[in-house]
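User: I am new to this structure and would like to learn how to read some of its features. Please take them one at a time.
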Amino acid sequence: MNRLAILFALVLVAVDGQAGDHPAAIRIGFASAGLGGRPFTSSGVLAIVHVKSLLEEEFKAENIRIDWHLHKGAGPAVNEALAGGLLDLTTQGDLPSLLGRSSGIKTRIILATSVRANTYLAVPVDSPAKRLEDLKGKRVAYHRGTNATLGIAKLLHSRGLSDADFRTINLDSTAAQVALTNHDIEGAWGSLLLFDLVKRGVARIIDGTRGGDPRNTLQSSILVTESFATAYPSIVQRIVDVLVRTARWQSDPANRSEVFAAWAKSGYAADILEEDYQGDLLRVRSSPLLDEFFTSQYRDGARLALAFKLIRNPVEVDGWFDPRYLSAALKKQNLEEYWLPAAADGSFGTGSTQPTAPTATQPAQPGTDKP
Amino acid sequence: MSRSTSILSLALLAIAAAPAADDIATLEQRIQVLEKSQKDLLDRIRSLLDSQVVQEDVQGVTNSLESFKYQYQRDRETKSPVSVRGITITGGLAARYAATNRSKTSAGADGKGGNANGTASANPAIVNGRNNTFDVAGAFVNFSGSLYRDYAEGRNLTFNLRFDGTPQTGAAIGNSFANLTNANVVYSPLPTTSQDIDRLTITLGQQTLPFGLEANTTEELRPVINSAQFVGATGVGRREIGLVFRGDFGITYDYGYNYRSSLISYNFGLVNGNGPNRADDNDYKDIIARVDVKLPTEYNSWLRELRLGVSYYHGRQVIAGATNAAGALLPGASTYYEGARKRYGLDLYYNHFPFGFTYEFVRSVDDVAAGSSTTERRGNSHTATLFYSFGSQFLASQRNVGAFDDYWPKTWQPFVRFDRWDPDIKISGNHTDIYTVGLNAFFAETTKAQLNLTHKREKLPSGAARPNTAGFITNEIIAQLQYGF
């Protein structure tokens with residue numbers, strides 16, 4: 001009987017491949033893929049880690065395989081993979097991860113990434129519209145349920161508007177871009193990819209979150225599944241160490257062109273990617289901190305998702321954040337004061353919502369120049 | 001000139017010459033600096049000329065663009081299929097090998113219960129001791145596309161055209177025909193731009209009937225190589241010409257997964273009831289109706305994709321009067337009758353990755369010629385299938401990932417199926433059971449390899465032409481490669 005039990009355990013180990021002190025593979029997800037499906041993205045610090053094969057290097061000695069899954073289906077596809085037990089760690093936008101948590105997916109947020117991402121409103125280049133209000137009663141498209149949904153709703157609310165003021169049409173980003181080009185709609189909300197239409201001379205950006213209240217912007221995070229974090233805490237710590245070191249490198253202005261070149265491997269031109277960062281410090285947008293601004297954005301998102309009926313049940317956010325790995329990495333790398341924590345309103349305590357240059361409150365940059 | 005004057009001149013010259021030497025040195029230095037500056041400038045100009053666009057570069061790009069336009073236009077005219085509207089062309093083919101444990105000498109002439117399941121058994125008409133064969137089960141090509149796209153609200157008009165080629169039964173030489181199977185237009189009168197709203201489509205033309213599960217499952221998705229027996233026996237699997245409404249309401253849309261679930265799906269339509277590519281043979285239009293109920297769950301619920309459906313088909317059919325052995329009408333019998341043709345279906349569907357289960361019950365009620373009149377004959381069918389997937393190809397998130405190569409999430413899907421068909425429930429011991437165990441290997445986007453082992457048990461009542469109440473047993477192995485494009 002004992003032999004049978006041992007044999008059974010061995011079979012389980014062989015099938016699972018994840019028993020022992022470290023896993024056979026770490027399965028990492030992205031909520032995006034590159035242009036035309038190429039296996040690179042521009043999704044923040046994890047994209048740099050991917051391009052530079054830093055995790056492969058980190059776990060080379062243990063022969064741990066790194067499996068990258070770049071989901072063209074964005075956040076919902078990541079949720080599906082998480083629900084199917086097919087990912088250990090992933091990057092995901094705030095709303096999709098909130099929706100996933102509301103449905104019972106067990107994850108922990110261990111790091112912020114790509115914070116303060118913008119949403120833009122584009123119109124055909126020959127449109128008479130000059131501002132958002134000019135599109136009242138007109139056909140305006142966006143992809144409901146994606147990360148941009150909350151940002152759009154908050155921006156509209158801040159102007160005293162809502163979806164009801166427009167003929168809102170639910171189109172994914174590709175269909176919306178085609179419809180805008182064909183003048184089948186009068187406006188389209190979207191991400192920086194709309195700059196591709198601008199560059200081609202078929203659209204103009206007339207509004208958006210850039211330069212406005214940072215609470216209308218989008219946040220993303222690195223999540224680890226509870227099962228993986230419980231089974232391999234030291235592995236998670238090493239991953240976070242690599243991510244923080246890379247975020248530090250990414251924040252250095254001296255590496256700005258190299259950062260955009262790495263993201264441009266996704267197929268999107270570096271100047272389009274840079275357009276989204278105009279007026280922003282990479283250091284601010286690359287902050288991994290789970291600060292008050294970041295956590296309050298998730299709390300706010302949970303409240304709004306329920307109000308907009310995107311979820312059925314309230315989501316408890318507070319127990320979701322697990323800053324232990326980040327704190328240890330910051331201390332280990334002497335970066336505890338490198339990124340300035342932001343207040344709930346997005347300001348950095350000096351009255352400015354977003355510093356344009358290093359200030360006294362943004363200390364000099366310690367650490368190395370290489371990720 | 002006096003000597004003193006000459007000396008003075010020389011002295012002045014010497015005085016003048018002394019600072020001139022310094023100037024020359026300075027000038028030489030300046031010249032060197034200027035020469036270096038000139039060289040730097042030239043280098044910079046050369047560098048700029050190298051990096052900046054010049055007229056020749058523009059001309060080169062223009063020439064390349066013109067060449068590309070010419071080549072593109074030429075290829076489009078001479079080498080590319082073109083159409084007035086955008087068309088998606090798909091197709092598929094299944095090639096297979098099958099072997100049975102009983103040799104076959106001719107159609108049903110082995111005296112032991114006829115053909116094994118599945119193999120192109122009646123082709124050719126005469127065989128001699130065959131117990132295995134290669135065959136092509138069928139091939140199809142499908143054209144579909146948009147006739148009108150409504151960008152604003154998605155009230156689209158689309159079309160579907162499909163031809164199926166299958167080996168012809170009894171063909172002495174290898175004939176096959178491409179039969180028109182699907183030929184219909186579909187209109188969506190309700191908006192389709194949002195996922196969380198009700199849907200309705202109207203399909204006009206030749207189409208599959210919305211009856212049950214098996215009859216609507218295409219070969220590409222069905223785990224078993226051969227359809228359940230009732231599909232062919234009751235005719236619910238054949239195409240019909242008519243007008244069918246398909247819709248749903250009570251939508252639950254889980255934005256976290258892009259998962260759409262409807263509380264009620266409904267189908268209602270009128271069809272000829274006389275099969276594909278034929279006009280009606282009577283004035284009565286057959287009625288098809290189907291409703292299925294699904295619990296309003298989110299994606300991550302264990303009740304996801306649990307569905308209960310009922311189907312109903314009510315039709316009339318022309319029945320030839322009963323004849324004697326010589327082909328003459330029996331005394332008192334009419335040449336034709338018009339009788340009932342009804343089908344009732346109940347099905348249960350549960351597909352929750354990685355496993356799934358389906359059960360389907362079908363009852364057929366047909367008027368058949370008997371003596372000088374007609375009588376009612378009732379048939380029953382039970383079909384149950386259980387499958388499990390090792391691999392993730394059935395998850396959309398895993399199929400649509402960024403990759404350079406021809407990536408596909410390889411998947412193994414073992415399954416078991418029980419299939420019973422009783423053509424006349426009034427006669428006891430008159431049914432055929434087929435037990436199937438199989439394995440599907442999905443190793444590329446549109447290709448799968450299938451292996452089925454079937455155990456077929458035919459029971460015929462005492463008094464039948466080939467009675468065997470214990471059951472004729474036929475075992476068969478079928479290996480099939482099914483691929484699409």
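User: Where is Pro354(B) found?
Analyst: This is a predicted model. Pro354(B) sits in the loop between β10 (336-352) and β11 (355-370) of chain B. The peptide bond that leads from Phe353(B) to Pro354(B) is cis, and its omega is near 15°.

User: Which phi does Ala74(A) have, positive or negative?
Analyst: Ala74(A) has a positive phi of about 60°, although this residue is not a glycine. Ala74(A) belongs to helix α4 of chain A, which covers residues 74-83.

User: How should I read the packing of two helices?
Analyst: Two packed helices are described by the angle between their axes and by the distance between those axes. Take helix α2 (residues 44-51) and helix α10 (residues 233-251), both of chain A: they pack at an angle of about 100°, and their axes are 9 Å apart. Angles of 65 to 115 degrees count as roughly perpendicular, so α2(A) is roughly perpendicular to α10(A).

User: Which residues of α2(A) and α10(A) meet?
Analyst: From α2(A) come Gly44(A), Val45(A), Leu46(A), Ile48(A) and Val49(A). Facing them in α10(A) are Val242(A), Leu243(A), Thr246(A), Ala247(A), Trp249(A) and Gln250(A). By class, this contact has eight nonpolar residues, three polar and no charged ones.

User: At what angle do α2(A) and helix α11 of chain A pack?
Analyst: The angle between α2(A) and α11(A) (residues 256-263) is about 80°, with the axes 9 Å apart. That makes α2(A) roughly perpendicular to α11(A). Gly44(A), Ala47(A), Ile48(A) and Val51(A) of α2(A) make the contact with Val259(A), Ala262(A) and Trp263(A) of α11(A). Here the division is six nonpolar, one polar and no charged.

User: How many salt bridges does the structure hold over all chains?
Analyst: First the general idea: side chains of opposite charge can pair when their charged atoms come close. Over all chains, the structure holds 40 salt bridges. One of them joins Arg159(A) to Asp207(A), with the closest N and O atoms 2.8 Å apart. Arg159(A) lies in the loop between α6 (148-158) and β7 (167-170) of chain A, and Asp207(A) in strand β9 (residues 203-208) of chain A, so this pair ties together parts that are 48 residues apart in sequence.

User: How many residues does each chain bring to the contact between chain B and chain A?
Analyst: Chain B brings 26 residues and chain A brings 36. About 2700 Å² is buried between the two chains, and carbon and sulfur atoms give 54% of this area. Tyr151(B), Tyr255(B) and Tyr257(B) supply 26% of the area that chain B buries against chain A, more than any other three residues.

User: What polar contacts and salt bridges are counted between chain B and chain A?
Analyst: Eleven residue pairs are in polar contact, counting pairs with both residues at pLDDT 80 or more. The count of salt bridges between these chains is zero. On the side of chain B that touches chain A, helix α4 (residues 396-399) of chain B gives the most, with three residues. That side has eleven nonpolar, twelve polar and three charged residues.

User: Which residues is Gly484(B) in contact with, apart from its neighbours in sequence?
Analyst: Leaving aside neighbours within four places in sequence, Gly484(B) is in contact with Gly91(B), Gly92(B) and Thr446(B). Gly484(B) is part of strand β16 (residues 468-484) of chain B. The C-alpha atoms of Gly484(B) and Val141(B) are separated by 9.3 Å, while the two residues are 343 residues apart along the chain.

Technical notes. Residues are numbered from 1 along each chain as its sequence is written. Chains are lettered from A and ligands numbered from 1 in the order in which they are written. This is a predicted model: local features need pLDDT of at least 70, side-chain atom pairs count only at pLDDT 80 or more; totals for chains, interfaces and linings use all residues. Side-chain values use heavy atoms; hydrogens and water are left out. Contact means heavy atoms within 4.5 Å. Buried area is the accessible area (1.4 Å probe) that two parts lose on being put together, summed over both. A salt bridge is a side-chain nitrogen of Lys or Arg within 4 Å of a carboxyl oxygen of Asp or Glu. A polar contact is a pair of N or O atoms within 3.5 Å; within protein, one must be able to donate a hydrogen and the other to accept it, and residues adjacent in sequence count only if both atoms are side-chain atoms. Helices (H or I, at least four residues) and strands (E, at least two) are DSSP runs, numbered from the N terminus. Ala, Val, Leu, Ile, Met, Phe, Trp, Tyr, Cys and Pro count as nonpolar, Asp, Glu, Lys and Arg as charged, and the others, Gly among them, as polar. Axes are lines fitted to C-alpha atoms, for helices over the stretch in contact, and angles run from 0 to 180 degrees between N-to-C directions. Angles under 35 degrees count as roughly parallel, over 145 as roughly antiparallel, 65 to 115 as roughly perpendicular and the rest as oblique.
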